[in-house]
Amino acid sequence: MTRGKTFTIGLILIIYIYAAASMAVVGMVVPFIGTISGIQHVSPAVVGKGLSFFSLPAAILSFMFGMTVDRIGVRKSFVLSIILTVAGDALLMSARDVWPFRIGLMLTGCGFAYATTTSPALLMKYLPPDIRSRALAFWSTFAPAGYSAGLLLVVPFLHDGNWAMACLFHIGLMVAALMAGGAFLMRLHDGEPARNAPTTAEGAAARPAFSRVLTLALSVALPNAVAYGTSLVAPAYLARVHAISLGTTSTEVALIKIVVMLLGGGLISLLASTQQRALVLFAVMAVVGAGAQFMLFFPPSGIVLASVGLFLWMFAYSSLSGSAMSLLPAVAGSGNARGVVSGIVGQFISVSSVVVPSLYFSIAAWTDYVLFAVLALSSATLLLFLTRRALRQPRAVA
């Protein structure tokens, strides 16, 4: 393996870890909902619905974050996002009331918003054209893996409810990401986007079309909504329905996610090598995902079949997310609006994440989980077909 390939793979992995670590805050909160609600003297539902504040900054300001990334560059945005996340962690450690806790979530959410905007912009700018789509397909699976990392991070502290120590460990994780990522980013020069000078065809497609960005953003956001909602309720649901401990189900969900996301992301990056393959893969996995949701939430399935359903769902989601995100370079074009386009896609994802906690924590029947998944995945498939169709037609430039 050449030094250039080694550096490229290392860059992709560190950006993946950085984005996943930014997402881990949500996974940390969910197992501690009972503990945090006791500290703040509120109901667990209040804490659960408060998770929407994590996604709120990205839902409102991702477009602005994208403009900032395009203006100040990915290296400064990388450092800024970690500073915001660490500041949010510090506030979460000491928050004894509802609103300081929510503000801490908003700060970590700002860091996450920068991470999800900076990462794809960096990969599109500095990677060779033949690797960009595959790298984005792999990177797009970071959110479930990051959520799972958060679940695993807090497992040692669940028995004594040591929420502050869990936050302290997350601060250490973000500092480690800063040091490792800085070593890679220092070798990148904004004036020299490595090996990706735009071709004539790319120059003609330098600016993105709004219709393409919109349909792609929705195609990514809808499966993410199902995945996020499933992550929030699956551990407690499996524990309640199948009479096993919450610690066991949290660990099971986390391990399945990390393994499937890493392996599935690598596999999808190979399968979604063309737009046509990405579209076919998305449609097939939408059907698989709907079936997996049924297996997961159908009470008579038993814990074994429910675990198989969870495994299949996570693989289906990694395929759905990866195949849709592999179209991002074609949608974004080769101009200087990559951060903005990434921000718009991230904004749609975050809007769905703001809505999902209230929706999923309000659902009482398992059939509603499955129905929502079927509707969301069907709509996302239709929208991705429209995106593919728009890519093959002359466009109105936004």
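Modeller: Helices (H or I, at least four residues) and strands (E, at least two) are DSSP runs, numbered from the N terminus. This is a predicted model, in which local features need pLDDT of at least 70 and side-chain atom pairs count only at pLDDT 80 or more, whereas totals for chains, interfaces and linings use all residues. Residues are numbered from 1 along each chain as its sequence is written, and side-chain values use heavy atoms, with hydrogens and water left out.

Biologist: How many helices does the secondary structure of the protein come to?

Modeller: The protein has 398 residues, and the count runs over both kinds of secondary structure, helices and strands. There are zero strands, and the number of helices is 17.

Biologist: What is the mean pLDDT of the protein?

Modeller: pLDDT is the predictor's confidence in each residue, on a scale from 0 to 100. It stays under 50 over residues 191-206 and also over residues 394-398. Where pLDDT is low, the predicted coordinates should not be read in detail. Across the protein, 85% of the residues reach 70 or more, and the mean is 81.

Biologist: Which residues does P329 touch, not counting residues up to four places away in sequence?

Modeller: P329 is found in helix α15 (residues 328-332), and because its relative accessibility is 16%, P329 counts as buried. A contact means heavy atoms within 4.5 Å. Leaving out residues up to four places away in sequence, P329 touches M124, R132, S133 and L136.

Biologist: How far apart are the C-alpha atoms of F78 and L178?

Modeller: The place of F78 is in helix α5 (residues 74-94), and with 2% relative accessibility this residue counts as buried. Beyond four places in sequence, F78 touches several residues, including Y18, T118 and L178. F78 and L178 are 100 residues apart along the chain, yet their C-alpha atoms are separated by 8.0 Å.

Biologist: What distance lies between the end C-alpha atoms of helix α9?

Modeller: The expected span of a helix is 1.5 Å times one less than its number of residues. Helix α9 (residues 163-185) has 23 residues, so it should span 33 Å. Its buried residues include W163, A166, C167, H170 and I171.

Biologist: What is the volume of the largest cavity?

Modeller: On a 1 Å grid over the protein atoms alone, a cavity is a set of points where a 1.4 Å probe fits but cannot get out, and lining residues have an atom within 4 Å of a point. Grid points are joined across faces, edges and corners, and a volume is the space filled by probe spheres set on the points. A search of the whole structure finds two cavities of 30 Å³ or more. The largest has a volume of about 360 Å³.

Biologist: Which helix gives the most to the lining of the largest cavity?

Modeller: The largest cavity is lined by 29 residues, and those closest to its centre are F112, F142, A143, N224 and I349. I349 lies in helix α16, and beyond four places in sequence I349 touches V220, A221 and N224. With six residues, the helix that gives the most to this lining is α16.

Biologist: Where does H41 lie?

Modeller: Phi of H41 is near 60°, a positive value in a residue other than glycine. H41 counts as exposed because its relative accessibility is 72%. Its place is in the loop between α2 (33-40) and α3 (44-50).

Conventions: Buried means under 20% relative accessible area, exposed over 50%, partly exposed in between (1.4 Å probe, protein chains only). On a 1 Å grid over the protein atoms alone, a cavity is a set of points where a 1.4 Å probe fits but cannot get out, and a pocket is an open set with protein on both sides within 12 Å along at least five of seven lines; lining residues have an atom within 4 Å of a point.
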